[in-house]
Amino acid sequence: MPFAPHLVVLIFCAQFLAYFVKGLVGFGNPLISGPLLSMGLDNVLITPGTLVLDCPVNAYITWKNRRSFQWRRILPLLMCNMAGVIPGTLLLHASMPWIIKAALGVVVIALGLEMATRSRRKAASAAPQWFRYPVAVFSGVCAGLFGINMFLTAYLQRTAKDYGEFKGSICFLFFGENLFRFFVYLFGGLLTRQVWLFVAISAPAAGLAMVLAGILSPRLEEGSLQKAAIALFLLGGVSILVKALLLRA
């Protein structure tokens, strides 16, 4: 069934904004598109559709930064992350839509607050080594359910030795998790005709946004962009949580 005209506009605009921010600050597109798209669509459509777009983007970034991988450190985390994807996918398939949306709002708000207060807290390097593994599993659950793998991103960002190590490692994790989740969704019957229609509408918006971001990013201050992205995350999370709890929609 084709999408109504107002939903086509919603999908295009939300994905354009999300990938524009991703192109500028390098992460976070599901945190922006998820709450916006949830105003008119269910996560059983949003999460698989966004995954199809993210796969080629993260594959390119992974290849570009292939020399920065920390294989021995990252592979165990990737395995734990994949283990979390399976229960997350089952929850996506079985849960009531308004419950998923309320949980998404909580997750987005928590991530926004974590990013907003990160500079005021000590780095997580003193945390025990085993702590990274439950973080990776929980992040995988969020990836399977919401398409958001940012808890592990936040952890690695604070424990990596330098930006090069962080970027190479997280891109490899994203690509591996994306590829695994694609097949989980495929065999789980989540890549429906409606999902591919969603992708067809989203792809031009994402492509246009990435090109525009590539042109503008050298002229803009990174700190201001990250603050704007965090503000968008928090507003989007509050909006979707309130709507889910009050309207059950």
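Gly 214 counts as partly exposed because its relative accessibility is 44%, where partly exposed lies between buried (under 20% relative accessible area) and exposed (over 50%), with a 1.4 Å probe and protein chains only. This is a predicted model in which local features need pLDDT of at least 70 and side-chain atom pairs count only at pLDDT 80 or more, while totals for chains, interfaces and linings use all residues. Residues are numbered from 1 along each chain as its sequence is written, and side-chain values use heavy atoms, with hydrogens and water left out.

**Helices**
- Gly 214 lies in helix α9 (residues 193–216), helices being DSSP runs of H or I with at least four residues, numbered from the N terminus.
- The C-alpha atoms of Gly 214 and Leu 24 are separated by 7.2 Å, although the two residues are 190 apart along the chain.
- In helix α2 (residues 29–37), eight of the nine residues are buried, among them Asn 29, Pro 30 and Leu 37.

**Cavities**
- There are three cavities of 30 Å³ or more, a cavity being a set of points on a 1 Å grid over the protein atoms alone where a 1.4 Å probe fits but cannot get out.
- The largest cavity has a volume of about 140 Å³, taken as the space filled by probe spheres set on the points, which are joined across faces, edges and corners.

**Lining of the largest cavity**
- Of the 14 lining residues, Pro 30, Asp 54, Asn 58, Gly 147 and Phe 174 lie nearest the centre of the largest cavity, where lining residues have an atom within 4 Å of a point.
- Helices α2, α3 (43–64) and α8 (163–187) each supply at least two residues of this lining, and α8 gives the most, with four.

Note on methods:
On a 1 Å grid over the protein atoms alone, a cavity is a set of points where a 1.4 Å probe fits but cannot get out, and a pocket is an open set with protein on both sides within 12 Å along at least five of seven lines; lining residues have an atom within 4 Å of a point.
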